[in-house]
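Biologist: I would like to know what stands behind the labels put on a structure. Please take them one at a time.

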Amino acid sequence: MVGLCRLCQKEADLQFGHIFPRFAVKWLKKTSATGFLRTTGSSEREQDSEREYLMCAACEQILSKDEKVFSEQIFIPYHERGETVFEYGPWLGRFLAGLHFKVINCRSLDSGPKNVTEIIDATKMELRNFLLGQSDKSGRAEFHLFFGDVVQDANYEVPSKFNWYMSRSLDASLVSNLSGTVGVYAKFLKIMTFSFLTPRNTVSERWEGTQIFEKGTLKTPQEIESKGLGSFITDRVKAVARAIAELPPKENERIAKSAIGNPERALASESYRTYLADKALRQRLEERAAQARLASPAGRMKGRDRNSPCRCGSGKKFKKCHGG
């Protein structure tokens, strides 16, 4: 396909390139229960993730160099070897600039501050100059990287499929809120990245150990205290859960047959590990909610009520369960 390359701004034969890093897509397939990717809401198994005609071959090659270093220095050590300390150089800033440049060029904002279009357009130009070596700074973008994983427990209600989202999803979006913050969000498996395109409020947005400089060290644990990030992530998880729930019956049958056909792979997969973590988290939250109901005045039973089903949902009589 011939068109205008979004990076060098020249007419060229555009490549059908990945939005998310190719190494992440390959690892996702390798560690799945079936060996395939599946687009939510589709009955088709996929061999690849989202792709777009954005750049020419030469510009794709510019970005691929830093993707390779990131894969070798951070992604594989974290996902496969559980390493927690990572030294980085200028390549990390370039990798994030390339990733977020792609997201900006294939996503849009439905709402935001009045000057949101100006902010996005200026960021495109700044990142373009940085990636092409015409500037030694990435401009206004303040990059952050956070290492995540499955959540074992929570002191608040989390939506269904929360752990699947945190450790197995690919997601990207432009972000804005009522306070005027504009940013870029890109997540691939257990690694979440964010760039503030407007000045960060260091009081309401306290990100410790996540900011990327020209060189430095990233290590876990990290800490984020954000006024809006929690609700944003929750909304993304709920959207994914809804899409999964709407999978056609035939697709669910195919998934089950693929797992049954190779049970050793399925049981050893990261997909199954995540499924178990989601199930355990849901049970803990439900047990805690049941205990809270029983401790409340409305949850106490006396006399004949003790023969009623226990309100924890176990199916046993109250006197044989929490009333024993």
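Modeller: What follows sets computed values against cut-offs, and the model is a predicted one.

Biologist: How many helices and strands does the protein have?

Modeller: The protein has nine helices and 13 strands. Of its 324 residues, 43% are buried. Among contacts between residues at least 6 apart in sequence, 65% join residues at least 24 apart.

Biologist: How many aromatic pairs are there, and why is the pair of phenylalanine 194 and phenylalanine 196 called edge-to-face?

Modeller: A search of the whole structure gives 17 aromatic pairs. For phenylalanine 194 and phenylalanine 196, the ring centres are 4.9 Å apart and the planes stand at 70°. Centres within 6.5 Å make a pair, and planes over 60 degrees apart make it edge-to-face; therefore the pair of phenylalanine 194 and phenylalanine 196 is edge-to-face.

Biologist: What makes phenylalanine 196 and tryptophan 207 an edge-to-face pair?

Modeller: Their ring centres are 5.5 Å apart and their planes are at 80°. The angle cut-off is over 60 degrees, so this pair is edge-to-face. The pair links distant parts of the chain, with phenylalanine 196 in strand S10 (residues 191–196) and tryptophan 207 in strand S11 (residues 205–208), eleven residues apart.

Biologist: Why is phenylalanine 196 called buried, and why tryptophan 207?

Modeller: Buried means under 20% relative accessible area. Phenylalanine 196 has 3%, so phenylalanine 196 is buried. Tryptophan 207 has 8%, so tryptophan 207 counts as buried. Phenylalanine 194 is buried as well.

Biologist: Which residues are linked into a cluster by ring pairs?

Modeller: Phe23, Trp27, Phe70, Phe75, Phe95 and Phe188 form a cluster linked by ring pairs.

Biologist: Which charged residues lie over the face of a ring, and at what distance from the ring centre?

Modeller: Lysine 187 lies over the face of tyrosine 165, at 5.2 Å from the ring centre. Arginine 200 lies over the face of phenylalanine 196, at 6.0 Å from the ring centre.

Biologist: Is threonine 181 buried or exposed, and how do you know?

Modeller: Threonine 181 has a relative accessible area of 18%. The limit for buried is under 20%, so threonine 181 is buried. Threonine 181 is found in the loop between strand S8 (170–176) and strand S9 (182–188). Leaving aside neighbours within four places in sequence, threonine 181 is in contact with Val175, Ser176, Phe196 and Thr198.

Biologist: What makes lysine 279 partly exposed?

Modeller: Lysine 279 has 42% relative accessibility. Buried is under 20% and exposed is over 50%, with partly exposed in between; therefore lysine 279 counts as partly exposed. Lysine 279 has its place in helix H9 (residues 270–295). Its C-alpha atom is separated by 9.0 Å from that of lysine 161, 118 residues apart along the chain.

Biologist: What does the search for cavities find, and which residues line the largest cavity?

Modeller: The search finds one cavity of 30 Å³ or more. The largest cavity holds about 50 Å³ of space. Its lining consists of Ile19, Pro21, Leu63, Asp66, Glu67, Arg94, Phe95, Gly98, Leu99 and Lys102. Helix H2 (57–81) and helix H3 (90–106) are the elements that give two or more residues to this lining. The largest share, five residues, comes from H3. By kind, the lining residues divide into five nonpolar, one polar and four charged.

Conventions. Residues numbered from 1 in each chain as written. Predicted model: local features only at pLDDT ≥ 70, side-chain atom pairs only at ≥ 80, totals over all residues. Heavy atoms only, no water. Phe/Tyr/Trp six-rings, centres within 6.5 Å; stacked < 30°, edge-to-face > 60°. Buried < 20%, exposed > 50% of the residue type's maximum accessible area, 1.4 Å probe, protein only. Helix = DSSP H or I, 4+ residues; strand = E, 2+ residues; numbered from the N terminus. Lys NZ or Arg CZ within 6 Å of the ring centre and 35° of its normal. 1 Å grid on protein atoms, 1.4 Å probe; cavity = no way out; pocket = protein on both sides within 12 Å on 5 of 7 lines; lining within 4 Å. Points joined across faces, edges and corners; volume = space filled by probe spheres on them. Nonpolar A, V, L, I, M, F, W, Y, C, P; charged D, E, K, R; others polar. Contact = heavy atoms within 4.5 Å.
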